[in-house]
Amino acid sequence: MPLRIIVKPQERLIVNGAVLRNGGSHNITLIVETQCQFLREGELISESEADTPCKKLCLTLQVLHLSEDPADVENLFFAQAVEVMRLMPSAAPILLQIQEALAAKQTYAAVKFGKQLMLHERELPIICDSSNVA
């Protein structure tokens, strides 16, 4: 079944690693007829924004989602997840949801759980030291 995506004016969309932008002044509708990996601009976290352990992990999940061969990226994710667990044991339930989504090859769901992890990190009274995270 095709997927319908509405792209706002000037909004970026990453599809299988290609960055597309609606250069017009009106919404456009795209119909995706084949399997692909994509993320909207509003769902992205940039490398410069990834300044905490959970943001770095979320960035890794984005790369993993868009990657054709995620094996190397998965290793980085697991190293980062171990470090987040060490710094924030309360993140265990969310990290488990991410791991389960990855095991089921549901990388987009893992990205969404990564966003929840970032919100959880923000709620903590102590800011984690991100200098030790891979």
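Q: How are α1 and α2 oriented relative to each other?
A: This is a predicted model, in which local features need pLDDT of at least 70 and side-chain atom pairs count only at pLDDT 80 or more, while totals for chains, interfaces and linings use all residues. Residues are numbered from 1 along each chain as its sequence is written, and side-chain values use heavy atoms, with hydrogens and water left out. Helix α1 (residues 53-66) and helix α2 (residues 71-87), both DSSP runs of H or I with at least four residues, pack at an angle of about 160 degrees with axes 10 Å apart, the axes being lines fitted to C-alpha atoms over the stretch in contact and the angles running from 0 to 180 degrees between N-to-C directions. Because angles over 145 degrees count as such, α1 and α2 are roughly antiparallel.

Q: Which residues of α2 make the contact with α1?
A: Contact means heavy atoms within 4.5 Å. From α1 the contact takes P53, C54, K56, L57, T60, L61, V63 and L64. The residues on the α2 side are V73, E74, L76, F77, Q80, A81, V84 and L87.

Q: What is the bridge partner of I14 in β5?
A: Strand β2 (residues 12-15) and β5 run antiparallel and are joined by three bridges. In β5, the partner of I14 is L39.

Key:
Helix = DSSP H or I, 4+ residues; strand = E, 2+ residues; numbered from the N terminus. Parallel < 35°, antiparallel > 145°, perpendicular 65-115°, else oblique. Pairing = 2+ DSSP bridges.
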